Amino acid sequence: MVTLLLDSTQLEVVLSVSERALSFHKGNVVIDRSTITKVQLTDDAWTWLRGIPSPGTHVRGVIAMGTWRSAGGEDFAVIRRHRPSVVIDLEGHPEFQRVILTTRHGLALVQALRVEVAEEPVDVVEIAAETGSTPAVPEKKPRKRKAPAAAPAV
């Protein structure tokens with residue numbers, strides 16, 4: 001999962017080694033805060049994906065990472081399965097028109113972008129926690145498995 005760092009001038013999407021390899025992207029994605037026009041939360045990032053991977057990795061419904069080219073421009077995506085995601089629309093960014101990320105910290109990102117932050121990059125979860133508005137993430141409950149029925153005696 002990507003790490004989101006925010007300071008007073010930029011948002012940095014920190015990619016792991018495997019994310020860099022799968023997305024064919026050498027470094028982190030740096031976004032000036034002034035280029036962010038809209039941030040949206042979504043339950044299914046696959047509906048926001050447009051164009052074709054170029055370069056990138058795509059396994060339908062499982063993973064989509066890298067640059068996606070379309071008639072509308074280039075997007076950067078790091079999508080895993082059908083998990084909560086954030087869609088960041090950009091205007092004036094030198095590389096991308098949209099960034100689509102699977103992250104469980106989307107709400108914390110939206111809240112952190114509304115707050116004035118320090119000069120040093122800080123994780124968006126920490127920023128939202130300082131403001132006291134971070135919602136608790138519900139824990140997943142284990143599924144109950146049905147006990148196998150006894151076979152009838154013959």
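Modeller: Leaving aside neighbours within four places in sequence, Arg83 is in contact with Thr42, Asp43 and Thr102; contact means heavy atoms within 4.5 Å. Please note that this is a predicted model, in which local features need pLDDT of at least 70 and side-chain atom pairs count only at pLDDT 80 or more, while totals for chains, interfaces and linings use all residues. Residues are numbered from 1 along each chain as its sequence is written, and side-chain values use heavy atoms, with hydrogens and water left out.

Biologist: Where does Arg83 lie?

Modeller: Arg83 lies in the loop between strand 7 (73-80) and strand 8 (85-90). Strands (E, at least two residues) and helices (H or I, at least four) are DSSP runs, numbered from the N terminus.

Biologist: And why does Arg83 count as partly exposed?

Modeller: Arg83 counts as partly exposed because its relative accessibility is 42%. Buried means under 20% relative accessible area, exposed over 50%, and partly exposed in between (1.4 Å probe, protein chains only).

Biologist: How far apart are the C-alpha atoms of Arg83 and Asp44?

Modeller: They are separated by 6.2 Å, and the two residues are 39 apart along the chain.

Biologist: Turning to the sheet, what is the strand order?

Modeller: The open sheet has six strands in the order 4-8-9-7-6-5, with mixed pairing. Its edge strands are strand 4 (36-42) and strand 5 (52-59), each of which pairs on one side only. Two strands pair if DSSP finds at least two bridges between them. On average, neighbouring strands of this sheet are turned by 15 degrees against each other, direction ignored.

Biologist: In which sense do strand 4 and strand 8 pair?

Modeller: Their pairing is antiparallel, over six bridges. Ile36 stands opposite Leu90 in strand 8.

Biologist: What lies across strand 4 and strand 8?

Modeller: Helix 2 (residues 106-113) does, running at about 150 degrees to strand 4. Axes are lines fitted to C-alpha atoms, for helices over the stretch in contact, and angles run from 0 to 180 degrees between N-to-C directions.

Biologist: Now the backbone: which residues does the cis peptide bond join?

Modeller: The cis bond joins Ser54 and Pro55, with omega about -10 degrees. Pro55 is found in strand 5.

Biologist: What is the phi of Phe24?

Modeller: Phe24 is not a glycine, yet its phi is positive, at about 55 degrees. Phe24 lies in the loop between helix 1 (17-23) and strand 3 (29-32), and is exposed, with a relative accessible area of 54%.
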